[in-house]
Amino acid sequence: MTCDIRPAQAGDAADISRVIIRALLETNAKDYTPDIIARVELSFSSAAVERLIDQREVFVAEMDNRVVGTASLDGQALRTMFVLPDVQGRGIGRLLVQRIERVARERQLAILTVPATVTAEAFYARLGFVAVREAYHGEERTIIMERVLSPTN
């Protein structure tokens with residue numbers, strides 16, 4: 001199966017919302033309490049995602065004309081990176097990160113940061129991101145990670 005990465009459009013908001021919510025409920029729920037998952041889930045309704053598409057550079061991963069993943073660039077931060085649980089482990093997340101890194105380089109950013117969930121910390125570490133500190137939003141723990149970007153890496 002081929003996976004294509006493309007810029008998100010307003011019409012993708014419902015599909016992106018479904019990807020995020022499924023990943024939260026099936027993958028992230030292993031590392032976070034139900035209260036935290038429910039609170040985060042509220043931030044990713046279709047309407048909220050539509051606003052994000054207007055505010056950030058959002059990308060989707062498509063396989064067989066189906067949105068299976070998403071990621072965005074917000075300033076120098078890689079954010080809102082999620083892949084459907086049934087296709088995780090197939091390199092889709094890596095493709096999304098590569099696309100975000102390419103855009104970051106085009107903008108001449110020296111460092112790309114990511115507020116990684118506990119669930120995704122090892123994934124980002126495999127891609128060369130290094131943990132620099134922890135952050136808490138209430139009880140929700142995230143790991144702030146960075147990757148130095150050079151024109152060729």
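Q: Which residues show that α1 and α2 touch each other?
A: Ile21, Leu24 and Leu25 of α1 meet Ile37, Val40 and Glu41 of α2, with contact taken as heavy atoms within 4.5 Å. By class, this contact of α1 with α2 has five nonpolar, no polar and one charged residues. Nonpolar covers Ala, Val, Leu, Ile, Met, Phe, Trp, Tyr, Cys and Pro, charged covers Asp, Glu, Lys and Arg, and the others, Gly among them, are polar. This is a predicted model, where local features need pLDDT of at least 70, side-chain atom pairs count only at pLDDT 80 or more, and totals for chains, interfaces and linings use all residues. Residues are numbered from 1 along each chain as its sequence is written, and side-chain values use heavy atoms, with hydrogens and water left out.

Q: Why are α1 and α2 called roughly antiparallel?
A: Their angle is about 175°, and their axes lie 10 Å apart. Angles run from 0 to 180 degrees between N-to-C directions, with axes fitted to C-alpha atoms over the stretch in contact. Over 145 degrees counts as roughly antiparallel (under 35 is roughly parallel, 65 to 115 roughly perpendicular, the rest oblique). The pair α1 and α2 is therefore roughly antiparallel.

Q: What makes Phe44 and Phe82 an edge-to-face pair?
A: Phe44 and Phe82 form a pair at 6.1 Å centre to centre, with 65° between the planes. Ring centres must lie within 6.5 Å, and planes over 60 degrees apart are edge-to-face (under 30 stacked, the rest tilted); by these limits the pair is edge-to-face. Phe44 sits in the loop between α2 and α3, and Phe82 in strand β4, 38 residues apart.

Q: How do you know which elements line the largest cavity?
A: A cavity is a set of points on a 1 Å grid where a 1.4 Å probe fits but cannot get out, and lining residues have an atom within 4 Å of a point. One cavity of 30 Å³ or more is counted, and the largest holds about 60 Å³. Its lining includes Ile16, Val49 and Thr70. At least two lining residues come from each of α1 (13-26), α3 (46-55) and β3 (66-74). Seven residues of this lining are nonpolar, three polar and one charged.

Notes: On a 1 Å grid over the protein atoms alone, a cavity is a set of points where a 1.4 Å probe fits but cannot get out, and a pocket is an open set with protein on both sides within 12 Å along at least five of seven lines; lining residues have an atom within 4 Å of a point. Grid points are joined across faces, edges and corners, and a volume is the space filled by probe spheres set on the points. Helices (H or I, at least four residues) and strands (E, at least two) are DSSP runs, numbered from the N terminus. Rings of Phe, Tyr and Trp (its six-membered ring) pair if their centres lie within 6.5 Å; planes under 30 degrees apart count as stacked, over 60 as edge-to-face and the rest as tilted.
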